[in-house]
Each structure stands twice: as C-alpha cells, then as structure tokens.
Amino acid sequence: MSYVELHARSAFSFLEGASVPEELIAAGLALEMPAMALLDRDGVYGAPRFHLSAKKNGIKAHIGAEISVQDVGSVPVLVKTRQGYQNLCRLISLMKLRVPKHAKPGECVVTSEELAAHAPGLVCLTGGFDGPIAKAINNAQRAVEWLIEVFGKKNVYAELQRHFDRDEEARNHLVIELARRNRLPLLATNGVCHAIPARREVSDVFTCIRNHVRLETAGRLLAQNSERYLKSSDTMRGLFADLPEAIANTAELSSRLKFTLEDLGYEFPKYPVPAGETMTSFLRKRTEEGARWRYTGLHGAPTYERALPQIERELKLIEKLKLEGYFLIVWDIVKFCREQGILVQGRGSAANSAVCYSLGITAVDPIGMELLFERFLSEERGEWPDIDLDLPSGEKREKAIQYVYTRYGKLGAAMTANVITYRGRSAAREVGKALDFDEETLGRLAGLVHTWEWKDPKDSSERQFRNAGLDLQNPRIRKFFELYQMVQDLPRHLGQHSGGMVICQGQLDSIVPLEPAAMPGRVVVQWDKEDCADLGLIKVDLLGLGMLAVVEESLNLIRDCYHDDVDLAHLPQNDRGVYEALQNADTIGMFQVESRAQMSCLPRLRPANFYDIVVQVAIIRPGPIVGNMVHPYLKRRQGREPVTYAHPLLEPVLSRTLGVPLFQEQLLKMAMLCANFSGGEAEELRRAFGFKRSEARMKAIELKLRQGLQDNGITGKTQDDIVLAITSFALYGFPESHAASFALIAYASAWLKCNYLAAFTAAILNNQPMGFYQPFTIIKDAQRHGLKILPIDITCSDWLCTLEEADDAETRRHGDTETRRRVDVGIRSGENTVSPRPRVSLSPRHAELALRLGLRYVRGLSRQSGHAIVRERAVRPFAGIDDLRNRVPELRKDELRKLAGVGALNFIQTHVANQVNRRDALWQVERVTRSPGELYRALLEQDGNSPLQQMTLTERVDADFRGTGLTIGKHPVAYHRGELKKLKALRAADIRMLRDGTFVRVAGWVIVRQRPGTAKGFMFLSLEDETGVSNIIVTPQLFDQYRLELVGHPFLLIEGALQNQDNVVSVKASHVQPLSLTIAAAPSHDFH
Amino acid sequence: MFACIHAPGLSPDLSLREFAYSFSPIIEETRRDTVAIDVDGCELLFGSAYELASEVAVRAKQSRAHGGLETAVNVAVAANPDAAIHAATRLQGITFVSTGEELTCLGEFPVDHLDYSLVNIEKKVAGEILETLKLWGIRTFADLASLPAAGVSERLGQEGLKLQQLAAGKTERQLRVKQPEPVFANSIELEHALSELEPLSFIFARLLHQLCAALDAYALATNELSIVMQLVDQTTHERKLSLPHPMRDHKVFLKLLLLDTEMHPPQTAVRAISMACEPVKPRVLQNGLFVPLAPAPDKLELTLARLAKLVGEENIGSPVLLDTHRPDAFSVKRFTLTELKRRKEKNAKCEMRDSNLTLGFRMFRPPLRAIVEANQGWPTQVSAWSKQRSVYGKVVNVAGPWRTTGDWWRDDRWARDEWDVTIESGSKQSLYRIYRELNSKNWFVEGNYD
C-alpha cells in the first residue's frame, strides 16, 4: 500500500513553498513515490517543470491548485480530466484578470458560484489549516454539504494532515466525524511546503518577507515545526496507523486522476484563409510567389531552380507537422509591419528555411549562404519552430504586439512570463532583512555580491565576508550565508518576458492561466519561455532592437533631408568604405561590431565580404572565446597557421570556417558526425547546455558524447578538444542564421554611417540609451569624421535631433555674423576640435548637412514641455524670454533655467540682441518666472542688460555636461593638454604611430569599463581624449592594487607598455594615476 | 558696536557663553563656538572696542582655572553683529571692520558661506537662492553686493535682498539674548569616601531635596532620576530610577533610591555623587466618584520596590505571553495600574474563554525531571519526583506527540515533543502532560490537567 502525496506546494506558491518542483520530484523519487500532485496557490506556474521532471524520473505528475474562494478559504482541487484542467485554467484566469497585477491579498479570489461553474473534471479536498472546513469550523457540516453539491459526492475527499499539532488533530477529529456522517472517503496528505525538513528555514524566511516582518518579531506566523516535508510511505503509514484507509485512498485517487500535461490539447490556431483555400494551399501559394520574387534574379541570386527542391522539402515537413498556421501567422505579422512601415526581420531556428526567406520573414537566403539545415524543424525532436521577429524598439514594437492581441483576442494571445528568481543582491537584502540586520550591515552584505561579470576564484566567501568586516564565525552571519545560498534561484515573482508571445486563437486560457502584466494592456501566461517550449506551445518572439529603430529613422531622415530613397533590402553590396571602416575598427555606433572586443578583432580579421561580417559577429561571443577558437581562426585566416581538422570527418562541416567551429549548427553537426548523435539528440545537447537547470543533465550528455566519440575512435586530446568546443559553445555560441541576420543589420548600420553620417548619428542620438557608448562619445566620433554639430537652440531645435543645411543653419535666423560670433565657444560646433584622420570615406553630402541637437538632450526638460515649445514656435517665433514664458505655460521655472544654462535661449530674439549670452538668459529667466504683480509692473526695470559676467570657457563646458551630458565644443581633456604634456602623456592618435613595446603614458576620460567573465580577471578600459580612444588592459594584480582608482575616477593617467600588433593598439597598464581635472564629465558606461 | 568671538577649537566641556558673560551681559549665542557681544557701554571696563577684543583674545588663551578657554579665538568687531560674525568665523585673530567699509573685509568671502540663518531665511529657500547665484556666476560676497538691488529684488524677492545686505555687511538687528535654561541636576564631591548606606542616605536626601525644590519652583515633576556615583577605584556606578508617574516628593525618591542602592550596591566606596532628572509636567488626575480607590502611585511604587528587593526585579510584575510557538514563553512586564475600561474588556474575554469548557492545566514550576520508559518512542512508564510532589505510574492512555521547534536562527533554539498521558498509580488515574526536549533527550513532567 504505497502513499501518494496529493497536496504539495512548490516555491511557485510564491513566498510560501520553499522547494522548486524538481526538488520535490527528486525527493519523491528517493522515497519511491509512484505519483505526486502539485497544488500551488492560485496557479499552475510550476506545473511544466513538475511534469517534465516527473516524466523523466518515471513518476506520475498530477496537476492541481489551491483556489482562493471568497468567504470559503483555500480550496485544494486536483485535475481529473482534460476538461477539469481547462476549467482550472479558466477559473484562475478569471480570478487573475479582473484585478490588477499587484492586488492586495484577499482581492484576488473567485466566488463560490464561479468555482461551482468550473467544477466539472476536478476533485476537491477539504483542505488544511486554511481550507473550507478550518475556515467554517462552527458550521463545518454546511461547508461539506456545499462542497458535495459543487463537486459531486465522488469528487470530495476528507483531507487529514498530521503535523504533530494539537489544534490540527482536533480538527481532524471533526473531519473524520464529517466524513463518516457524509460518507466521504478519508485522504491523508502532508500539506507539503518543502522537499526536506531543512528547507523549513527558507519557508520561515519567506513568511517574514511576505508579511514584512523580521524573524524575531514574526512570532506565530512562522511554522510550528518542520513537519511539512515530503514523507515516505512508511512514515505516513505510521502517522495514520489508526486510519489505514486514508493512506490507501491516496493511491486510489491517484489512479482516478487521468490527466497529465501530456494531454494538454494545445493546437496552434488556424490562419483564416479565403474561401476555397486551405491553409496548406494558401501557404504554398504565398511561398511560391515569394520564391519567384526572391530567387529569380530580379531581387536576389538567380537560384530559383536550386531553391525549389528545398522549399518543397520544407513545405512537406511543415504540412506533416501541421504547422502551416504558424508560418502564416508569422507571415501575417510581418505583412502587417510592412504595411505599417515598421522594419521587421526574422531570426531563430526556423530562419534557416527557404520558406521563411520566400515569405519575407527573414532576409537571409539559406541557399545562397549555404546555411546548415539541422536547426530547422525536426519531426524527431518534436520541437516547434522558433522565430524571433526583430522590430524597432519602442512604440513600433508595441504596435505590432497590440496587433497580435487585437487579431487573436484577449484570451487568444499573451506574453510568456519571466520568472524572477532570487539572485545576488535581492537575495542578500531580503534574507538580511528577515534576520534583522541593520541598514549598514545590509548594505555591506548586499555589496558582497559580485557586480562584475568576472568572478575571481580567490574571492572565496570567507574572504569576501572578511573583507567586508563580517565574521563568518558569528552565528547570525553564518546563518545568513546558509540562507542566502538556499534561496538562490527560488522564484520570487512573475515578470513579463521581453517579447515572447504565445498564440492560441481565443482559447489560450484553457491551456494555461493568464494574468495581467504590470504594463497596461498586456497579458502574460503563467509559464516562462522554456516551459512553453517544453509543452509544445508555439511562441513568436517580438523583440525590440534599438538598431532597427535607428536604421528606420535614418532612412526617414535620408528621404526627408537628402531626398534619397534608400531601399534597405537592396543596399549596395561590397561598399568599399564600409569594409575600410570595418578593417580599421572605425566602428563606433555600428551594430554588433562597436564593442571594444570587436574593435580589437576587426583589424586582425579584416572583413572583406559579407560572410566575414557574419563570422565577425559570431566570433566575439563567450562560446568561441571560452572554447579557444578565436586565435586559431584569426591565425589561420592570416595564414600564420595551417588549416587542419580535429578529425577528417569534420572537414565538410568546418571547411568554411577554416577548420575552427564558430557556429552552433557546426557543433550540432560535429556531434552528429563524430559521436553518432541523431538530430534530436544533438538538439537535446544544445538545450542541456542552453539553460542552467541541471548539472546532472549536462554530465549525462557529456558522457554520452564522449562515448560516441570513443566509438568512432576519437580519443585523447582530440576527444577533449571536441568536447570542450561543443560544451562551451552550446551555451553561448551563435547560430549561423542569427549571425547572418545580425550581420545584415551590422552592414546596414555601417553603410548608413559611412554614407549618411548625419542621418545615422541623429538617429542614434534619438534612440538613446542604446549600444555601447554614451552620446558624448558618439558626437565626438561624428565630429572627428567631419560632421558639424549645432547646439540646442530654442528657436530651431525640435524635441529630437534633426538635420539642417549647415551653412544656412545659423545665418537663416541670425543674419549678421556678429551675432554668430556671440555663440558660446562651449556650444559652438566642433570647429576647435582636432580631426586627426577621418577614416570613413565621406560623401560630399556630409558637408551640406549639419546635425542640430534636440531639446531631449536638455536634462530635466520634460517631453511635454519640449513638444509645447515646438508647437508654439510653429505658430510664430518667440519674441523673447517673456514671450516664451507666456506662450508655453508648461515650462517650469527649473526647465527655463536649464534651457538658459545650456545656451538654448541664446538666440531668442530680444531688444538687446547684442548682449545675449547664457548669463543674460539666466538673468532674464529669473525675472520672467517671478510675477511682480500689477502694482509694481511699471516700476520694474525695463532694461534687459544683465550685470552678470559671461561664463568662462570652463564654466560653459561644465554647464554643458551638467545640462546635457555632452559638449559639442572641445573635448574636456583638450583643455588640459598643456598640463598633460608636462606629464608626458600622449594623445590617443599619437600612440598609433608607435612601435610595439614602447613605454607610453596616456591620459583621458574613462568612457567604458569592462571586466568580462571570459577574460580571467582582466579589466579593459577605454580612455577617450580629443583625438580618439585608447584601449587599456589592466591585469588582475594591477586591478587589485588600484581598484578604487580604476572603478571610481573619471579621468585617469595610465603608464604601460604599448601593444601594437596587426594594427590593434592597446596599452598594458603598469601604473594608474587618477587625474583631478576641473571639468565635469558624463559617467562611464560600465559593464558589470 | 558688536564683537563676535569664534572659538573653533573649543573643548566640549567648556562654555563660550559663560566666557563671554565675563565681558558683557548682552550676549547672543549664535552657535556653540560662536557668540556675539554688544560692547556698547563696556568702554569704562575695557577701553575701546579694539582693546576689548585684545582682552578677549588674551583671556581666551588662559587656563580654565583662570576663566580661560585654553584655546586661541578669533575676534571681530563691527558696526553690526552679522558682519562681525562673518568676519570672526572666516578670519583668524582680531579683525576690526570699519563702519561703511564692510566689503573691504568681507568682499572676498565665498557666497556659499553666507550664514542665512542670521537673517531668518529657511534652509530650503536659501539653498534655492544660492543655486541661482551659482548659475549667475556669483562667487563672493562682493559679487552679490554689487548686483543692482532692484534686479535682485525682482528675481530673488525679499530673501534675496536680505542675503545681499548680509553679504554687504549692512544688516541691522538686535542681538537675540537668551535666558539661561533651568538646570535640574546637582552633584557633590565628598571629602571622605563613603561605603555605608546610612551616611550616603544623608547625602542623597540633600541632593534630592534640592532637585525637588528646583522642580517645585518651575511647577514641574519628573519620572526619571539619573544617579552617577564616582567610586574610589575611578569607576562609576550609574543607576536610573524610572517612575510610573511624574512625581516630586523627595521623601519617596529617597526611599526608592535607598532600596535600589541596597539591591544594587556600588562595588567600592563613593567619592562623588551627581543627580539629574528629566523635568516633565506633573500628573493631573481626577478620580471619578464611583471608581474604587486604587493605591496611591507613590505608595504602590514603594511597595513594588520593597517586593523587588525581596524577590528580585525580574520576578515582579505582570506576566505577558509572548507571540511565539515556544512553550510557556512569557515575559514579566512592569506592574502598572491599568485603566478600568481595559480591566472590563479583560474580564469579558475571561468569561468567553470559560464558556468554552477547556480543560484546566496546572503547571509545575519548575517541571519535574522524569524517567520515562518508552516503546518505539511512545511512553509506557513515567516516574518523576521532587520535594513537593511525585508522579509515578504506568501510562495507560496517550495522545501525541505535539511537536514544536523554532528559533532556529538563534543559539537557544528549541525542539520538543509533548504528550498527554493518563498515568495509573494504584487505582488512581491522573492526566499529565509530559515532554521530551529533543536536543537534550531529557524527559519532564510539565503539569497535570484538572
């Protein structure tokens, strides 16, 4: 007579349960439990993980939930049939969707009528301490009668729990009496909250977090003992020795619960096709049309004949797997975007397909590029296709998302969830609070959590704690440490995935419960992306990509200002300027190739064609870096190393990448060729390494991989190399199709920068924050390339940055040159900046257009006020600051001050035009913002002359940085060049000419700090001065020595040996000195 | 004319105000280290204002025994107190600010150092004005003073004007002279150290009498007395008497203090005693005609103190159950007279509880250590005894265990299993509660059910 636990909560009963579903299953397996039920509170959040883990371990997973019912309590229900599951999902969706996401406890409930309406297919238990009997202790008979009425006599079980608690036992006596009186079967459960007794501590900490109390003050809110763990059959039989039927009934009920998540009943929605068409025929027609357009040579390579067999093969597979609807729906979204003028580009496992290319979903031709087919649909893998649609981030993406909601209904589409787990600082702070640490200690404890990606192996917990002045011998600190580790990765709450959407035409709420997201108008499912994929729910990722927004805006600006019509799909191939810029690592602002690591690789790889960009995008990834692939590839490319293969079998797979695996597909193919993996097994390998769920799973796959290699006679170092390559890659490698899609955007961004610098720069500035660099660096880079940047000016700046005819820009409004001379030097366009060597080949059009900074760059100016200024100016120009104030009442006093401080009011027309400078404007602003009253109006000064001194040069730069975060005048470091010369510091442009090994000093403003996880503790700094950027390498030892200076100071002087290899120039620092420059600077962009 | 003394290195136990009183009775204590003096009329005593400033500087350097401050001070003399204060706080030594020439002296001071509190401007308002001045590039007092007054008034309002006048050293005001605060503290240094309570009681009585007289004079009372005794071994013995209600009866205080000293005697002989009390408003109470008389608070306090002396402070008061699962966890709360209403509520609750027909439980304090024979963890035979009682017999009926564990984050975590057992001893059966401490594995009889 085996016992089945039918009432267990996991950590997905947020802040109640203390074990993840996998832990519960593992404990069940150890206790040889044949089945188990998961009943989380008001949700089935953990059901997929519970189901999958149970399936793998041969345990039957029953699904259920504890439903909060108004005035009744928490009713535990178990799913008996698919109808029951659908009812449960609908019931939970009903409960969740009518209250906001952060509803107060007690607000998120169903009524007893709603429960009754959704009862078919469900089995009800009478519950524990918060169940319907416990809540109606004085009227328990009535409560039982109601349950019988709702669920039917056969579907109500009198639940008994024994946790060695007097009150509970008294309640059990009542339940037994009620069961006998109403002829209900008894059922023993343990109301499990954690897999093992030790986890009770986590459960208590969660209780504290939930109730906003400390352990010391939580009192009887905490558990009375640690008995709510998963108990063995023997233990439970011993506990219920007097009621053996209560144990026997668990197996009986388990056998009645036929439903599992295998039987989810999900079908992908059908795409509505015109009369007389089927989805199959409709898809075929659309694909054929597209193929002709793509492959007949008019708009691509003339490979129609070659493409047809693959298209046919793919279509057959799609039809076999009944996925026509999916491809049509994605096609439909793409069509909508095209119609709305929204740039869209598909990526993902299905992007290798010629069908997607023909349908216009992707822009990468898999036949032309000879992409590997392995990651497209596989019947064997039973895995659904995955297509990511990249959209311009912001409003346009939201428009596409809302289109999907509108098209498939509120209950037909939802975002996938993102389960927020306890990690790092959040875990430290919340556990620390529960243990009643003071704020200072909490800060120190949270500070212990690594902020940099790189984790120093010497940084043992003991050392970290000691360094923070915390004694691990102290029992409280020790307990904190234990708890901190225990709560890691436990779910905290549900968030929203950035773009994953699940679609199920009107019936999604019967597949998975839906919840409101924090963002208005959004609905999320209770499962995360991986769970949806595991259960076969097809998702479409609608991801926001900042660079697409930039490209889109650039195209608009080019059309409006240059009057050129650029078609993104038909950009000139092999533009020399683009490849020169790439080869010279002149890539600030370009998509995917602008990072410091990319820049140091570009002059070595020297991209000369599109496929080189694909490789370039893929090579600077943790996978190739950890797998030691970068240097072999570069050496082979430069001809310094022969092209060899780890095994002759690999030659066809790796020949394109010179024998070095660079793409995920190659890894899968390697596993298939060398270790006899099937396509499905290879995909399983990728996924095992793809998300960090199970060490054991990864070990098992690695073992299988080694065995396969062994069978093919691949042993020793070759085997190790192949295993390292595969395992390090699977997690962080890029699929070739992804790299190709990104390379397209990278090429487009590079082409735009090289040919339409003004438009591209304006678009980048308008879409901040994005990319690797701060706006200041982007502006300085553009200025070095000859772009004229005009200051923020209330008389002509829009909210966003715009383009103007450079020569007319100022004379148009301020006719005489005298006025122009009055413009503060700090904001004058880069005429004083050094322009060492613009490497991008400039089009003559650059000279004609200048970039006007937009009002959005005035810090503290609200969007509403900015737009109001533009609106009023369109009516007629402002006659003065008084006029501005009167006509734009939205402008607050501080906003006016800010506008004056950055010089935006300098050109506003006043009757004393010759005197206007920033201080004049500030003097005026204070007057207009203070009403003197009617009586004194006539007495007040009429003269606009200000008695204030004009700003000095330093003051202006300082005001620029404080007011806008950038300056278009001289670089802050340039003001100190004299002092720096005395310190023998060279400029970034100077060191490029020096030989490798020369000892140099460079000084500049730190614009980027990085300590990547793959760099073994090395830190990389980018120092900018008026001539460009110097790259600094800091060894771990030096980092320890100068930690404070390196992390905290904006300006640094670095000494060290110059490394100049293959035109990649960097300084290996041997000494660091902070510089006290008197000019403010924008903060650096630090990558933690 | 006004003089300002600024003593940046002033020792915390010295008072600049007291020092300044030796020059003039009209004193404003701007800050603890800054005072302004009205020197008009001091000519006869100290000569000219400059001579007075010199005298101040000389005396300040003298030792405290000679009325000095044992530190160098800055002294500034000006036609208005604010100019003197600014000059003294920024300039070292003696400064004489000529009337009408204030800016010559103050002009280069940074505008951030304007002491806006002198002209009663709030910090927030002053902050905003200073921020505007910073934007305007106004760095010094002279810069601010040079702005056109109308322009400043238009833009910064009256506050701006006040600040401008302050910067120009042109303000006009009287000193804010303050009455000294009454002190409710007293101390005495003994010629011979005392180690007996009786002679000490005379000293206590004297000090308390003085304290209560001071309280009486201001119609105040106290609910906390602090006593610090300096001992001959250079240590101190500190006591604090907290009273439930404000009082000022020195006799009651003396009795309480003597009882407390008996309970907590100093380790060695006493050589000095200081007493201080926190003055509060006296308790005003009017009893209702039909309210039963409660004991007088002072008498009750004395009785409690006497009882505390007999049984120990931790054993007197009202028991309060703690919010925890820890069995029998309670704390003893200081006994106070409760309001009648609350007592009524409490009675109502008791009545409700009584109506539930719960079994009465008689707790053994301390619990009886027991020897328990058990079969597979279930008790079968219990024997326990102490001087007062013994429990012995066969277990004929058992319920349990009831398990509680907790405070796992502390050193004194607990874990125990309780059992309700019927013990048969001879022909008599009795119901007991026994428990086993799971950490020590020891058994106890906790009590019996009535």
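Contact here means heavy atoms within 4.5 Å. All views show a predicted model.

**View 1. Helix α43 of chain A, end to end.** This helix covers residues 953-964 of chain A. Its 12 residues should span 16 Å at 1.5 Å a residue, and the end C-alpha atoms are 16 Å apart, which agrees. Just past the helix, Gly965(A) adopts a positive phi of about 80 degrees.

**View 2. Surroundings of α43(A).** Of the 12 residues in α43(A), 9 are buried, so the helix is largely enclosed by the rest of the structure. The buried residues are Glu955(A), Arg956(A), Val957(A), Asp958(A), Ala959(A), Asp960(A), Phe961(A), Gly963(A) and Thr964(A). Their packing partners in chain A are α35 (775-784), α40 (893-901), α41 (918-928) and β18 (999-1010).

**View 3. Fold and extent of chain B.** Chain B contains 12 helices and 17 strands. Its radius of gyration is 36 Å, well over the 22 Å that the globule rule gives for 450 residues, so chain B is more spread out than a compact globule. The C-alpha trace spans about 110 × 60 × 55 Å along its principal axes. Among contacts in chain B with a separation of 6 or more, 58% join residues 24 or more positions apart.

View 4. The accessible surface of chain B is about 25,900 Å², and carbon and sulfur atoms contribute 52% of it. Buried residues account for 40% of the 450 residues in this chain.

Methods:
Residues are numbered from 1 along each chain as its sequence is written. Chains are lettered from A and ligands numbered from 1 in the order in which they are written. This is a predicted model: local features need pLDDT of at least 70, side-chain atom pairs count only at pLDDT 80 or more; totals for chains, interfaces and linings use all residues. Side-chain values use heavy atoms; hydrogens and water are left out. Helices (H or I, at least four residues) and strands (E, at least two) are DSSP runs, numbered from the N terminus. The radius of gyration is taken over C-alpha atoms; the globule rule is 2.2 Å times the number of residues to the power 0.38. Buried means under 20% relative accessible area, exposed over 50%, partly exposed in between (1.4 Å probe, protein chains only). Accessible areas come from the Shrake-Rupley method with a 1.4 Å probe; for residues, only the protein chains shown count as cover. The expected span of a helix is 1.5 Å times one less than its number of residues.
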